[in-house]
Amino acid sequence: MFDPHNSVMEETSLANNGTPLGQGIEIPQDTDGERTEFDGQNGVPQERKEFVAPAVGMEFESYDDAYNYYICYAKEVGFCVRVKNSWFKRNSREKYGAVLCCSSQGFKRIKDVNRIRKETRTGCPAMIRMRLVDSKRWRILEVTLEHNHVLGAKNHKSIKKMGIGTKRKLQTSSDAEVRTIKLYRALVIDGGGNENSNSNVREIRDFSDHYPNQLNLKKCDIQAIYNYLCRMQLTNPNFFYLMDFSDEGQVKNMFWADARSRAAGGYFGDVIFFDNTYLTNRYEIPLVAFVGINHHGQSMLLGCGLVSGETTESYVWLLKAWSTCMSGLFPQTIITDRCKFLQSAIAETFPNSHHRFCLSHIMRKVPEKLGGLRNYDTIKKALTKAVYEALKPFDFEAAWGFMIQHFGVGDHEWLQSLYEDRTRWAPVYLKDIFFAGMASVRPCETLNAFFDRYVHKQTPLKEFLDKYELALQKKYKEEAVSDMESRNSTLTLKTRCSFEMQLSKVYTREIFKKFQLEVEEMYSCFSTTQLHIDGPSVIFLVKERVLGEGNRREIRDYEVLYNRAAAEVRCICSCFNFNGYLCRHALCVLNFNGVEEIPSKYILSRWKKDYKRWYVPDQESSKVDGTDRVQWFDQLYRSALQVVEEGAISLDHYKVALEAFEESLNRVHDVEEKPEE
């Protein structure tokens with residue numbers, strides 16, 4: 001079974017002398033006895049590099065390698081290490097697990113408190129948990145980097161109970177230094193680099209400066225891409241890929257999508273999330289993903305890409321490649337991270353799309369951006385209130401202004417930039433835009449990366465391509481199971497409301513559950529009154545009891561516009577545009593006016609359990625060119641794919657689909673070409 005945190009660090013040779021890591025490397029020392037690190041290319045002294053922090057998925061050849069690595073890291077950061085726990089096998093007494101922690105972890109026992117020795121423990125949470133895995137390597141499974149105390153100067157002591165053999169191994173300073181340099185380079189040297197290259201040291205990847213015109217691919221990456229493309233072309237007839245080459249023939253950018261991703265784009269390409277977090281967070285692979293939401297509210301992959309850098313040029317190429325793959329489709333709404341290059345690229349390629357910033361990504365950065373402020377907790381609370389509770393722009397402006405003035409943060413650069421971009425991320429300004437459940441307009445909602453459980457910062461490209469299909473197969477299986485449940489299971493009604501009965505027959509199981517909650521919460525709305533009449537429209541006021549701060553009950557007012565002649569109902573909370581179904585307030589107004597069925601315009605086809613059966617992605621299918629055989633093939637393939645997806649649900653479905661294909665093939669064979677007149 002695939003472990004998403006598996007990351008194997010391979011020891012490779014140094015480019016300049018071919019000496020394998022861990023063998024006899026001379027470590028020159030200066031007159032003060034301090035280590036001087038030498039550049040791997042030319043042997044000249046260089047500035048000490050900051051040691052790479054531990055991360056989930058790192059692997060080591062032995063326990064001692066892992067332990068010594070953590071000591072080296074602790075020296076650089078400024079704390080001491082001790083072994084908190086160790087686990088041994090009963091029979092062989094072989095060690096198979098351990099927790100290493102900061103020496104300030106925990107507190108003194110009560111009986112030791114009154115001893116003369118000064119208390120040094122602070123309950124520090126910093127630690128790593130590691131275990132011996134099937135590959136006989138030691139893998140880090142859990143990491144906490146944060147300390148709750150002041151870190152000192154770089155330490156050179158650690159606390160560990162060692163056996164005689166281990167002590168002898170670490171006695172000489174030269175051996176210790178060799179071990180240190182080995183472990184350090186094991187983390188910074190490119191594990192699959194070209195042996196003939198002049199540069200194997202992997203610095204933190206700076207896409208825009210170091211590799212502006214090509215992907216930073218290793219030899220094994222190129223081979224992995226070639227193998228993957230060959231396999232897909234043989235097994236996936238509608239597989240699509242494009243490559244962008246520089247003038248020198250180097251690969252700059254790449255895009256690909258398998259047949260199911262292309263089909264999903266036709267069904268669910270109205271709202272997409274362009275995920276470039278792997279770039280912005282400096283992952284090993286420069287991956288970007290196009291993600292949509294299916295009729296069960298599940299994330300669906302609509303295409304992937306590799307880009308040489310976070311530039312407008314790269315993003316323009318990638319967006320155009322996706323649109324080409326989807327037969328000229330452009331999304332109604334596209335959600336991205338805040339990025340000026342991406343903003344320019346979308347304005348150029350999808351000028352008619354609504355481009356908005358991902359709110360959950362913005363709120364996730366609040367601790368990082370505001371954590372150093374003196375009144376952080378109260379500032380965060382005020383910001384959250386302004387973002388999630390404002391119903392009108394005036395409310396947002398007033399709450400934001402109070403926060404800025406009361407806490408004196410008017411000159412905070414990040415908050416200033418957020419305010420300038422507010423119409424692209426604050427929910428109160430996005431109420432006329434359709435998000436299909438991807439708006440994340442509540443504090444608990446978030447948009448996660450599609451490959452979140454399959455990719456971590458050290459995952460190499462080769463490993464990602466090996467696991468890519470596993471990730472997709474899992475998603476397809478989840479969708480197939482949800483399809484079966486939606487069609488075959490009986491949904492339990494919780495009220496006597498006619499709206500609940502109506503949509504229980506239409507929506508998929510998961511979407512109905514979300515709508516059902518709105519029906520249940522109609523009973524928390526205790527008053528529906530008419531405010532005023534505006535021509536054919538009537539404005540109603542709906543009062544709702546909600547849980548406020550400290551679980552206190554609060555009463556909030558929601559304005560709902562209702563036009564009986566046009567069968568239109570719009571609530572100020574804009575639940576329909578954000579989530580794709582009507583809210584409790586709009587349902588109360590319909591019920592108040594004696595309406596027993598939700599108007600058809602508010603029952604979206606994309607949430608129906610039989611949506612993929614009847615919807616034909618190609619809207620221009622009726623205008624088939626009588627001479628374009630490529631268009632014929634494309635349309636036939638799309639239609640056949642619907643039968644394939646339905647036929648893969650169960651063995652009975654498979655048998656029926658296969659018989660249908662055989663019958664269709666026989667009928668096609670019976671067609672005789674008419675003689676030309």
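Q: Which residue in strand 9 is the bridge partner of Phe273?
A: Val291 is the partner of Phe273. This is a predicted model, where local features need pLDDT of at least 70, side-chain atom pairs count only at pLDDT 80 or more, and totals for chains, interfaces and linings use all residues. Residues are numbered from 1 along each chain as its sequence is written, and side-chain values use heavy atoms, with hydrogens and water left out.

Q: How do strand 8 and strand 9 pair?
A: Strand 8 (residues 271–275) pairs with strand 9 in the antiparallel sense, over three bridges. Strands are DSSP runs of E, at least two residues, and helices are runs of H or I, at least four, numbered from the N terminus. Two strands pair if DSSP finds at least two bridges between them.

Q: And how many bridges join strand 9 to strand 10?
A: Seven, and the two strands run antiparallel. Leu287 stands opposite Leu306 of strand 10. Five residues lie between the strands in this hairpin, where Gly297 has a positive phi near 80 degrees.

Q: Which way do the residues of strand 9 point?
A: Leu287, Ala289, Val291 and Ile293 point one way, Val288, Phe290 and Gly292 the other, and all are buried (under 20% relative accessible area, 1.4 Å probe, protein chains only).

Q: Switching to helix 15: where is the kink centred?
A: On Lys467, with a kink of about 35 degrees. The bend is the angle between axes fitted to the seven residues ending at a residue and the seven starting there.

Q: Which residues of helix 15 are buried?
A: Among them are Phe464, Tyr468, Ala471 and Leu472.

Key:
Buried < 20%, exposed > 50% of the residue type's maximum accessible area, 1.4 Å probe, protein only.
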